[in-house]
Amino acid sequence: MNDTLRPDLAVIANHIPTGSRVLDVGCGEGELMAVLSHGDKVDVRGIEIDPEEVERAVSRGLSVMQGDANRDLAAYPDDAFDYAVLSQTLQTAERPDLMLDELLRIGRKAFVSFPNFAHWRMRWALVTTGRMPVTRHLPVTWYETQNIHHVTVNDFREMLRKKGVAIERSWFFSGQHEISARCSNWRAEYAVYLLSR
Amino acid sequence: MCSSYARAHSLMQWQLTARYTYPKSPHPMATVNAPSTHTLVLPHSLALDGGQELDRVELAHETYGTLNADGSNAILVCHALTGDQHLASPHPITGKPGWWDRMVGPGKPIDTDRFFVVCANVIGSCLGSTGPASIAPDGRPYGMRFPVITIRDMVRAQVALLDALGIGRLHAVIGGSMGGMQALSLAANFPDRAERVLAIATTARHSAQNIAYHEVGRQAIMADPAWQGGEYYGTGQTPDKGLAVARMAAHITYLSEAGLTGKFGRQLQDREAKSFGFDADFQVESYLRHQGLSFTDRFDANSYLYITRATDYFDLAEEHGGRLVDAFAASQARFCIVSFDTDWLYPTAESRNIVHALNATAARVSFVELSAPYGHDSFLLDVPALDRVVKGFIQG
């Protein structure tokens, strides 16, 4: 059912059980939400900062609010959701660590996916050209990018360790393909983590 | 304004409110689904927030489409301050298309092929529902004896209409501006009556600035000698000058500064140079005077006092112990809140206030600030993104 979804979103969609309450933070036009809410099996809402993407999501009948996740998550009560989802958005947060705190306050568990800045292609580009890498997964120049906090798999794990956040599961991807966890800080272009308090 | 005109106008108000006979529309075929206005007399008196009761309440309303067998396809549309039940049918006085003709009809975002759409004139108004110009039980118009009403009182009347129409639970309640206040009030006070709540360009409470503008309008009406303490019915005089000024002031708040500048700038009206006098030298003056004057053709000054008062008293949090969150605590509805970036009457911050309260109850809420150049009036005008949002929300 998730063939058309981005691989990290497909992993998330496949691991959210029926009957869950889900908040998709940075939901865009609601690609993941549309899959999750199919058949009303999952109660899913979204937050998105871009008004045009919000308009398109609401026009699809999805419950999406225009808002800034850096601030507006504070309005939600504790444990409002079974899962909070943050896909490819962590690196755009003003304070990724505080956003993670919020995700795990309003959601009992959180899915977080992010591009791995330590992927070998990044390292190779930086070493050989001496310039900020522009790759298929991070295609925007340094001055235009919304990614203000580049992060690596190892950095992310270190933050989780310091915060005492439990890793329930993790998935790693290169291109469209899932890869093993071996040397993931070198090999993974992006990662998905399922976290709990 | 000449006195014969004033008399004719006054007479027209009498006819409208006393006998509900409408002038024949000059454009009877303007829409394919032009229904006639029906009037419901409520079977019971209406208990009001002010402590009084209103007997024999009449509610002028129109319906579009067909109610399905289980009564599940009904949508209530609530009109704004000076709106009426002519949602998608020509206005009987002005002959203009219904105020939301672009939104409501067969195949339109609120699709009358699919939904049974109800729109009622609010109590306190003057387009067929009981208001200050209506005849009181003693045979004379209420005038200022009419009780001060609230948004919740308007909603109580709307709910009584739903009861009479056999509608238990609405598919959706929808409104812009004061209509949005009614939609929110219905969600808060009658949480079982609507599955979806769509509130556009509105607020959960009137701000000091909102109240201030309304007070300017009310004072303009009451300063007009023709107002006569509100007892002008049948005197041959109506406070048209005061009402026109009230409308002029209010009309400015419905537009954006950029919109006014774009439309009129500093352009002069039918002249090459300034007159060094106090005629309408500027186009914007001429426009506002026209807006004010034409408003007096269709609206009763006392109704304007009462309805602006109702919106000023509106504070959904105050009604629910001071916390807006508590207003929505019992609601299971899906909400959609829409604001416009150029609306400075009910700016986006007011919508966010509502959205945050809804988030705190973990309600299913959508919120979008749409970009449109028309200021507060954007909800009535050509904003295709609003069409898509309305359609998507009520069908989702």
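At what angle do helix α2 (residues 151–165) of chain B and helix α3 (residues 178–189) of chain B pack? We will come to that after a few words on the model. This is a predicted model, in which local features need pLDDT of at least 70 and side-chain atom pairs count only at pLDDT 80 or more, while totals for chains, interfaces and linings use all residues. Residues are numbered from 1 along each chain as its sequence is written, and chains are lettered from A and ligands numbered from 1 in the order in which they are written.

Now to the two helices. α2(B) and α3(B) pack at about 75 degrees, their axes 9 Å apart; axes are lines fitted to C-alpha atoms, for helices over the stretch in contact, and angles run from 0 to 180 degrees between N-to-C directions. That makes α2(B) roughly perpendicular to α3(B), a label for angles of 65 to 115 degrees. Helices and strands here are DSSP runs (H or I, at least four residues, for helices; E, at least two, for strands), numbered from the N terminus. From α2(B), I151(B), R152(B), M154(B), V155(B) and Q158(B) meet M181(B), Q182(B), S185(B), L186(B) and N189(B) of α3(B). Residues are in contact if their C-beta atoms, placed from the backbone, lie within 7 Å.

Next, look at chain A. Its secondary structure comes to eight helices and eight strands. Along its principal axes, the C-alpha trace of chain A spans about 50 × 35 × 35 Å. Of its 197 residues, 45% count as buried, meaning that 20 or more other C-beta atoms, placed from the backbone, lie within 10 Å of the residue's own.

Back in chain B, find V117(B). Together with I75(B) and L198(B), V117(B) touches the most other members of the 171-residue largest nonpolar core, a set of buried Ala, Val, Leu, Ile, Met, Phe, Trp, Tyr and Cys residues joined through C-beta atoms within 7 Å. Among the residues that V117(B) touches are Y64(B), V77(B), L87(B) and I110(B).

Finally, see where the chains meet. Here 23 residues of chain B are in contact with 17 residues of chain A. On the chain B side, β11 (334–340), α11 (348–360), β12 (364–370) and α12 (384–395) each supply at least two residues.

Key
Two residues are in contact if their C-beta atoms, placed from the backbone, lie within 7 Å. A residue is buried if 20 or more other C-beta atoms lie within 10 Å of its own, exposed if 12 or fewer, and partly exposed in between; C-beta atoms are placed from the backbone. Angles under 35 degrees count as roughly parallel, over 145 as roughly antiparallel, 65 to 115 as roughly perpendicular and the rest as oblique. Lists of a residue's contacts leave out its neighbours within four places in sequence.
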